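Good morning, and thank you for coming. I would like to take you through one protein structure, and I ask you to keep the picture in view while I speak.

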Amino acid sequence: MRRPQPARGLFAVMSSLLVAILYALPASAAIAPAEPQAAQSFDAPSKTCTKWTSTMTPPKTIKVLRTASTSPPAKVKGTVQTVDFYEYVATVMAAEWPERYPIETIKAGAIATKQFAWYYIKYPRGGTKWKDGTKYCYDVLDSTVDQWYRPEKYGPGQSLWPAEGSKIRQAMDVTWDQSLRKYQYSTRSSRFFLTGYRAGSGSATCGSDKTGFKLFHNSTRKCGYDGLKYREILRLYLNPRLEIVSPGANDVIGTKHGDASAMQHSNGQRTTRVWTPGQPAPDGGSNAGLSLSTADLIDYAAGDLNGDGRQDLAWLKKTGSTSGRIVVALSDGTNYGDAQEWWSGDTVVPVNGSKLLIGDFHADGRQDVAIFGRGSTDRTSRLVVLKRSKYTNATELGNPVLWLAFSQDFDKVASVWLGDLSGDGRSDLVVRQNVEGGGVRLKTAVTKSPLPKSYPRMGTYKARFEDTSLIPSKVKMTVGDANRDGRDDVLMLVGGGGRAVVERLQGRKLGGLKRVKIWTAPKSDPIPVQKTRLGAADIDYDGREDFVLYSARGTGTRIRILKARYDTVRQGPDWRVNIPWEDIRPY
Ligand SMILES: [Ca+2]
Ligand SMILES: [Ca+2]
Ligand SMILES: [Ca+2]
Ligand SMILES: [Ca+2]
């Protein structure tokens, strides 16, 4: 999640000059936008109005042609207003996706509302208006031809303006950096498409009137009541080939781009090292170095624990055989801040050998902390979740709740990750086993949706991938969404028997994994897989998590980025650092 900068003051000043008019129209669906229409073609000079070409970062402003009549002295009809884009979306949302809707429906609406306007800023239709002898261009109309925009009723300072903390503002903030695409197989490219929404039939049930391009107020509201999360709603209405683009995974430094992050293991100490794109060949890590003492240190993990879009660091310290404390250092955008104790108590599972994991188990946009540990009987394991229930209490984590207790010999777990394979916003579990006699196996369990009130909260734990031809020491894996379909994938680097191969095991709805080979390392620049460790981050800020390879090179380490594309990778950046490869652990 990423909160936008506070809205700028320009429009707030303008709106205060306007006379509030109460419109009789209901804040509902009668006021949905027109059908999507193809952008017309124009001469080059008139093609841009609000000049904004990015499809990754939302525009800052929008030009709106006012068609509504208001009373003097603030007659706006026929004028083009330049409006802060965030304010524009909030004002439209207040009318179109009101507070009484379920929050997940509002989130889906917030993405569609933002993208509708963004689309016409990026692909202008060339609208102009003469006023007092001057020609003004505009991006959208304030009427139902586009989206209903009435700041005199719903704008800042008015009674219906969505306040900070309202459902609308929460929904907008959680989804602000997210946008939608349709993948096109024919051109192997993704299209930033025109979203829309309409009232739809009052009798339609959730999903029954889906078309692949629009949302419907009536039925998506029912989806919200049915317990669907916004990604599930978007996928239901906008599939096939929908991509939910959520860029910047693993941004520690606060540049928005994802960073390469690894812990340097040395005697008695663990030191964070973070490398950020745009800085050539940094040496010895960046300024985000934080040192942890190894005394009683069990494990550490990265995650955004305060919802500002930056990855923070958490670690687990042992205080007894089944008790510990969780300490957090928040990233301030430049460095990790002071260590704060967030929780201490009974860990339920034995602390020794346990793994600390971070993920969102409730699909509420807040990252929770989990501990994966030994089960209470032989050859079993357990996963417990400590819920982060609100942000207002800066340090609050709930006590561990049993999420899954299952037949998995704890001593046979080679690696464990959290990832949202099913794409509902809830973390699922991925366990790697190295098969006796050869090969690699992955087993998964998916958190149920909607979430059951009591145990078990996960579906069946079962094998989803197995290849007995693989040599475990030459197979490196991590988890991230490499094809930006909103579902996490297992990123896999496979060596042995020739040149190294990059593969993606694509997460699927029920926790399945679909194997797709995407790239073979060139002969001229091979990858020493056995002496490589794998991390993931969205280095180029396109919503696809990229492969971060840490490979042994001389006495140091080569950090090599393979940027994920749909069916291949692009190489770079490529850094060399003076840290022995043996000491580096990606996190
Ligand atoms: Ca954070
Ligand atoms: Ca999930
Ligand atoms: Ca994926
Ligand atoms: Ca990327």
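This is a predicted model: local features need pLDDT of at least 70, side-chain atom pairs count only at pLDDT 80 or more; totals for chains, interfaces and linings use all residues.

Three bridges connect strand E11 (residues 260-266) with E34, and the two strands run antiparallel. Strands here, marked E and at least two residues long, and helices, H or I and at least four residues long, are DSSP runs numbered from the N terminus. Two strands count as paired if DSSP finds at least two bridges between them. In this pair, Met263 has Arg585 of E34 as its bridge partner.

Residues are numbered from 1 along each chain as its sequence is written, and chains are lettered from A and ligands numbered from 1 in the order in which they are written.

E11 and E34 belong to an open sheet of four strands, with the order E13-E12-E11-E34 and antiparallel pairing. Which strands stand at its edges? They are strand E13 (291-293) and strand E34 (584-586), each of which pairs on one side only. On average, neighbouring strands of this sheet are turned by 25 degrees against each other, direction ignored. For such angles, axes are lines fitted to C-alpha atoms, for helices over the stretch in contact, and the angles run from 0 to 180 degrees between N-to-C directions. As a general point, strands of a sheet pair through backbone hydrogen bonds, either parallel or antiparallel.

Let us turn to another sheet. It is also open, has four strands in the order E30-E31-E32-E33, and is paired in the antiparallel sense. Strand E30 (532-537) and strand E33 (569-577) are at the edges with a single partner strand each, so one side of each has no neighbour in the sheet. The twist from one strand to the next averages 25 degrees. Strand E32 (residues 556-564) and E33 run antiparallel and are joined by seven bridges; Arg558 has Arg576 in E33 as its bridge partner.

The loop between E32 and E33 contains Thr568. Is this residue buried or exposed, or does it fall in between? Thr568 counts as partly exposed because it has 13 C-beta neighbours inside 10 Å. The rule is that a residue is buried if 20 or more other C-beta atoms lie within 10 Å of its own, exposed if 12 or fewer, and partly exposed in between, with C-beta atoms placed from the backbone. If we leave aside neighbours within four places in sequence, Thr568 is in contact with Ile518 and Trp519; contact requires C-beta atoms, placed from the backbone, to lie within 7 Å. Thr568 is also 9.4 Å from Glu503, C-alpha to C-alpha, although the two are 65 residues apart in sequence.

Next, two hairpins. Strand E15 (residues 312-320) and strand E16 (residues 323-331) pair over seven bridges in the antiparallel sense, and they form a hairpin with two residues between them. Gly320 stands opposite Ser323 in E16. E16 also pairs with strand E17 (residues 336-346), again antiparallel, over eight bridges.

What lies inside the protein? The largest nonpolar core has 85 residues, and Ala314 and Phe547 are among those with the most contacts inside it. Strand E27 (residues 489-494) gives the most to this core, with five residues. A second, separate core of 55 residues includes Trp148 and Met172. Here a nonpolar core means a set of buried Ala, Val, Leu, Ile, Met, Phe, Trp, Tyr and Cys residues joined through C-beta atoms within 7 Å.

Met172 is also one of the buried residues of helix H5. Eight of the nine residues of H5 (residues 167-175) are buried, so this helix is largely enclosed by the rest of the structure. What covers them includes helix H2 (85-96) and H3.

Finally, the whole protein. There are seven helices and 34 strands, and 48% of the 587 residues count as buried. The radius of gyration is 25 Å, which agrees with the value near 25 Å for a compact globule of 587 residues. This radius is taken over C-alpha atoms, and the globule rule is 2.2 Å times the number of residues to the power 0.38. Thank you for your attention.

Definitions and conventions:
Two residues are in contact if their C-beta atoms, placed from the backbone, lie within 7 Å.
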